[in-house]
Amino acid sequence: MKRLLRFSAVLGGTGAFALIAKGAMAASESGGGGTLPQLDVGTFPTQIFWLFVTFIVLYIAMSKVAIPRIEYVLEERHSRIAEDLDKAGKLKADAEEVQANYEKALADARGSAQKLIAKTKDDASGKNAKAEAEADAAAALQVKEAEARIDEARTEALANVQDVVSEVAGDAVAKLIGVKVTKTDLKKAVALAMETK
Amino acid sequence: MASPVAQFELKSYGPQIEVGGVDLSFTNSAAMMVVAIVGIVAFLTVSMSGRKLVPGRWQLMAELSYEFVANMVKENVGSEGRKYFPFIFSLFMFILFSNLFGMVPIPEIHYTPTSQIIVTFAMAFVVFIGVTLIALARHGLKFFTFFFPSGAPVYMAPLLIPIEVISYFVRPVSLSVRLFANMMAGHTMLKVFGGFVVALGVFGVAPLALIVALTAFEILVAVLQAYVFTILTCLYLHDAIHLH
């Protein structure tokens, strides 16, 4: 702005210089009687009068009509732009909310799916363990039964062996020495012999 | 060849109006002032009549001229200058349109009111008086401290105060002479070169080309001087409101 002012001052200076030169030229051309029409005091009142009349009319027209009209338009545009920006901001917030909801729903779904998977896995492994335990128990029972049967068979077999041995011993004693030994004695003797062995 | 300053002579039209022995006849200068204000009012009201949200070219120009002056007032005077905006805006538009219409060769009434020292001086004087009254109303007697810059050593007062007083009272003169001299010099120059075009016959093409360039330059000066007058008014108003 300062530069502009300086520029205008320079312009003013050159203007004034030109003015002097031209004034001198005019004076010489019109034969010495040439004064500037601007310096004719007689024309001053009419010029001042019409300047004031026109300027006052202009001032009233500007301050009452033109300026309020321009200000109204500028203000309206300003508020309209602010309103539109507001609306855009609100819409953006809405969109963000929708997105947040969507993301939350997605996360929820994912969470529940994971929970379901974990639960299913747990259930399956529990069932497996139970079945395994049951199978183990059944197998153990069968083993026990089989062992019991084997024991039984052995004792029976042993008992039969004692019977046969005692009979054979009785027969052998009778044949050898002709003594009839009672069955109970025989059995006792056999049992004794088997035990000592 | 007519004198190049003959163009500044006033021609009066219509009946001779005399009030108390003072001639107030309607002249070509007054006619151009009327043309200027009609032009301004037409420009600003017709272009804004649509009141469009998205402005067209004319509406945009009206809005730009408003915003140009509004920003000038806001930046140079501050928020207190809001009150004086209509006056400053009217002043700017009046000088601008007077200067620019002065470049248009309207038959019969062609004239540039701002090429008259009395017109520019009347405007500058109103500004000067108005600014001084505003300063006195706002600051009372404190206004006179304006003539002694604060911080200057006291023994400088005999030198500084006369300088400040003179520079203050010279304001309306410099303000008015700057505009008047620019307008007058420009129009005189155009007239002189116009005379050369006629006088030189075929070789008049050279000064004619110069006139074309000068006309463009004068349009720049017309806008620039309107701006300078307005911004100096704003600066004076700033001084009146803030005292330096």
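Colleague: Let's start with Phe146(B) and Tyr168(B): are they buried or exposed?

Modeller: Phe146(B) is buried, and Tyr168(B) is buried as well. Buried stands for under 20% relative accessible area, exposed for over 50%, and partly exposed for what lies in between, with a 1.4 Å probe and protein chains only. Before we go on, this is a predicted model, where local features need pLDDT of at least 70 and side-chain atom pairs count only at pLDDT 80 or more, while totals for chains, interfaces and linings use all residues. Residues are numbered from 1 along each chain as its sequence is written, chains are lettered from A and ligands numbered from 1 in the order in which they are written, and side-chain values use heavy atoms, with hydrogens and water left out.

Colleague: Thanks. Which aromatic cluster includes Phe146(B) and Tyr168(B)?

Modeller: One cluster is formed by Phe121(B), Phe125(B), Phe128(B), Phe143(B), Phe144(B), Phe146(B), Phe147(B), Tyr168(B) and Phe169(B). Rings of Phe, Tyr and Trp (its six-membered ring) pair if their centres lie within 6.5 Å; planes under 30 degrees apart are stacked, over 60 edge-to-face, and the rest tilted.

Colleague: How many aromatic pairs are there over all chains?

Modeller: The count comes to 26. Take Phe43(B) and Phe97(B): their ring centres are 6.0 Å apart and their planes at 35°, so this pair is tilted. Phe43(B) sits in helix 1 of chain B and Phe97(B) in helix 3 of chain B, so the pair ties together parts 54 residues apart in sequence. Helices (H or I, at least four residues) and strands (E, at least two) are DSSP runs, numbered from the N terminus.

Colleague: Changing topic: what about the span of helix 2 of chain A?

Modeller: Helix 2 of chain A has 134 residues, which at 1.5 Å a residue should span 200 Å, and its end C-alpha atoms are 191 Å apart, which agrees. The expected span is 1.5 Å times one less than the number of residues.

Colleague: And where is its kink centred?

Modeller: The kink in helix 2 of chain A is centred on Met62(A) and is about 45°. The bend at a residue is the angle between axes fitted to the seven residues ending there and the seven starting there.

Colleague: What is the volume of the largest pocket?

Modeller: About 340 Å³. On a 1 Å grid over the protein atoms alone, a pocket is an open set of points with protein on both sides within 12 Å along at least five of seven lines, unlike a cavity, where a 1.4 Å probe fits but cannot get out; lining residues have an atom within 4 Å of a point. Grid points are joined across faces, edges and corners, and the volume is the space filled by probe spheres set on them.

Colleague: Which helix gives the most to its lining?

Modeller: Helix 5 (residues 157-199) of chain B gives the most to the lining of the largest pocket, with four residues. The lining has 16 residues, and those nearest the centre are Gln7(B), Gly102(B), His110(B), His187(B) and Lys191(B).

Colleague: One last thing: is Glu108(B) buried or exposed?

Modeller: Glu108(B) is exposed, with a relative accessible area of 57%. Glu108(B) has a positive phi of about 70° although it is not a glycine, and its place is in the loop between helix 3 (85-101) and helix 4 (117-139) of chain B. Arg51(B) also has a positive phi, near 50°, and Arg51(B) is partly exposed at 38%.
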